2 protein chains.
Amino acid sequence: MITLYGYFRSSAAYRVRIALNLKGLAYEQAPVNLVKGEQRSEDNLARNPQGLVPVLVTDDSTQLTQSLAICEYLDEHHPEPPLLPADAEGRARVRSLAQLIACEIHPLNNLKVLKYLVRELKVDDDAKLAWYRHWIAEGFSALEARLANEPGTGTFCHGDTPTLADICLVPQVFNAERFECDLSAYPTLQRITKRCRELEAFARAAPGEQPDAG
Amino acid sequence: MITLYGYFRSSAAYRVRIALNLKGLAYEQAPVNLVKGEQRSEDNLARNPQGLVPVLVTDDSTQLTQSLAICEYLDEHHPEPPLLPADAEGRARVRSLAQLIACEIHPLNNLKVLKYLVRELKVDDDAKLAWYRHWIAEGFSALEARLANEPGTGTFCHGDTPTLADICLVPQVFNAERFECDLSAYPTLQRITKRCRELEAFARAAPGEQPDAG
């Protein structure tokens with residue numbers, strides 16, 4: 001059995017849940033409560049010295065970390081339906097859209113970063129929220145410009161089937177909604193997110209649907 | 001001719017330079033001066049709405065963004081020497097090590113983030129340096145634990161040939177050295193970095209060797 005160590009609100013775990021669902025793979029969830037600090041437990045550090053989720057343990061006990069690496073692994077082991085296009089240019093575009101989110105937006109709005117702002121830099125609630133919204137706006141503006149103008153965009157971020165880019169987009173939009181970011185300037189992101197959410201694989205991966213949802 | 005829009009001190013551009021050199025590909029450099037704000041120019045925004053470097057323009061005029069996506073594209077188009085292992089588990093490990101750096105360390109210490117700390121949060125020089133060193137220490141501690149303990153580590157991050165993980169490691173160590181971070185707790189990172197720097201592909205990609213080096 002595949003085991004996913006995750007947390008319902010972790011958007012990196014959310015990405016992996018979507019990928020597992022799209023592939024139609026059964027998995028059990030082992031929640032690691034990030035708010036209670038369970039990621040710093042000895043058990044979790046043994047699984048991942050970074051003390052992060054997700055960690056995916058495959059049925060042959062391989063331990064995998066980093067959500068995008070896990071998704072690519074799943075795609076290589078279970079090729080159907082593909083999470084990346086068949087052509088190298090398409091794959092580069094999808095990976096680049098995914099990384100725009102995973103390397104440019106998400107890392108700045110992580111729980112550990114927000115905690116550092118408050119604890120070390122004594123940032124107040126307003127400034128913390130402004131920080132959060134700043135990186136969402138900067139990243140989403142660029143993403144909207146790409147998705148609205150590049151010919152590769154279809155019903156989904158790339159063509160008419162969901163890819164790794166959509167797997168990153170939907171959890172990031174969920175986070176932005178949770179922090180009440182104004183998303184009116186990003187109609188293409190909203191259109192694609194709405195379409196993704198109609199799919200059972202995305203709907204079933206949503207934070208509120210998880211066993212550890214508070 | 002391949003054209004790399006980059007900046008000598010951008011570690012994302014540095015990664016792509018190493019990959020191009022490892023593949024033995026000729027390319028011309030088109031410097032975009034990040035300190036002078038040239039990334040916000042109309043020309044550069046047309047290449048990349050994020051206003052970031054690197055952008056790689058291939059000989060058939062395909063424009064590629066996001067350094068890891070560019071490296072994987074180069075690896076797919078020019079398979080020798082490979083930047084990823086032949087097995088899916090190995091590829092997942094290398095991608096996860098690369099992403100530990102590219103998604104967890106580098107994004108927090110980017111120039112645009114340091115500027116936000118100073119301009120918006122009125123952080124002083126000492127606190128800015130502490131921020132920088134905090135994310136290096138957190139990320140490098142986890143990376144050292146992985147590289148020192150995981151059986152996949154060899155002369156390089158994975159086995160005995162350089163991979164995408166080393167391509168991310170060396171520029172990140174360069175940055176850490178520039179900010180005078182104490183690296184004594186990371187002997188494995190230091191050993192691998194030293195070995196990489198002995199290779200011409202890495203040495204020739206170093207910031208000080210670039211045409212736009214100040």
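Domain 1 of chain A and domain 2 of chain A bury about 1500 Å² between them, and 67% of that area lies on carbon and sulfur atoms. Buried area here is the accessible area, taken with a 1.4 Å probe, that two parts lose on being put together, summed over both. Let me state the basis of these values. The model is a predicted one, in which local features need pLDDT of at least 70 and side-chain atom pairs count only at pLDDT 80 or more, while totals for chains, interfaces and linings use all residues. Residues are numbered from 1 along each chain as its sequence is written, chains are lettered from A and ligands numbered from 1 in the order in which they are written, and side-chain values use heavy atoms, with hydrogens and water left out.

Between them, 13 residues of domain 1 of chain A are in contact with 17 residues of domain 2 of chain A, contact meaning heavy atoms within 4.5 Å.

How many salt bridges are counted between domain 1 of chain A and domain 2 of chain A? The count is 1, where a salt bridge is a side-chain nitrogen of Lys or Arg within 4 Å of a carboxyl oxygen of Asp or Glu. Glu72(A) and Arg95(A) form a salt bridge, with their closest N and O atoms 2.7 Å apart.

On the side of domain 1 of chain A that touches domain 2 of chain A, the elements giving two or more residues are helix H1 (11-22) and helix H3 (67-77) of chain A. Helices (H or I, at least four residues) and strands (E, at least two) are DSSP runs, numbered from the N terminus. H1(A) gives the largest share of that side, 7 residues.

I turn now to the two chains. Here 42 residues of chain B are in contact with 42 residues of chain A. The area buried between chain B and chain A is about 3800 Å², with 62% of it from carbon and sulfur atoms. Gln66(B), Glu104(B) and Tyr116(B) supply 15% of the area that chain B buries against chain A, more than any other three residues.

Between chain B and chain A there are 10 salt bridges, and the count over all chains comes to 26. The polar contacts between chain B and chain A number 22 residue pairs, both residues at pLDDT 80 or more. On the side of chain B that touches chain A, H4(B) gives the largest share, 11 residues.

Two residues of chain A pair with Lys112(B). Glu104(A) forms a salt bridge with Lys112(B), the closest N and O atoms being 3.4 Å apart. Glu138(A) forms another with Lys112(B), at 3.1 Å between the closest N and O atoms. Lys112(B) lies in helix H5 of chain B and Glu138(A) in helix H6 (residues 125-149) of chain A, so this pair joins two chains.

Is Arg95(B) buried or exposed? Arg95(B) is buried, with a relative accessible area of 4%; buried means under 20% relative accessible area, exposed over 50%, and partly exposed in between (1.4 Å probe, protein chains only). The side chains of Arg95(B) and Glu76(A) meet in a salt bridge, 3.1 Å from N to O. Because Arg95(B) lies in helix H4 of chain B and Glu76(A) in helix H3 of chain A, the pair joins two chains. Glu76(A) is partly exposed, with a relative accessible area of 29%.

Within chain B, Glu72(B) forms a salt bridge with Arg95(B), the closest N and O atoms being 2.7 Å apart. That pair links distant parts of the chain, with Glu72(B) in helix H3 and Arg95(B) in helix H4 of chain B, 23 residues apart. Both Glu72(B) and Arg95(B) are buried.

Finally, a network of salt bridges links Glu72(A), Glu76(A), Arg91(A), Arg95(A), Glu72(B), Glu76(B), Arg91(B) and Arg95(B).

Technical notes
Polar contact = N/O pair within 3.5 Å; in protein donor to acceptor, adjacent residues only side chain to side chain.
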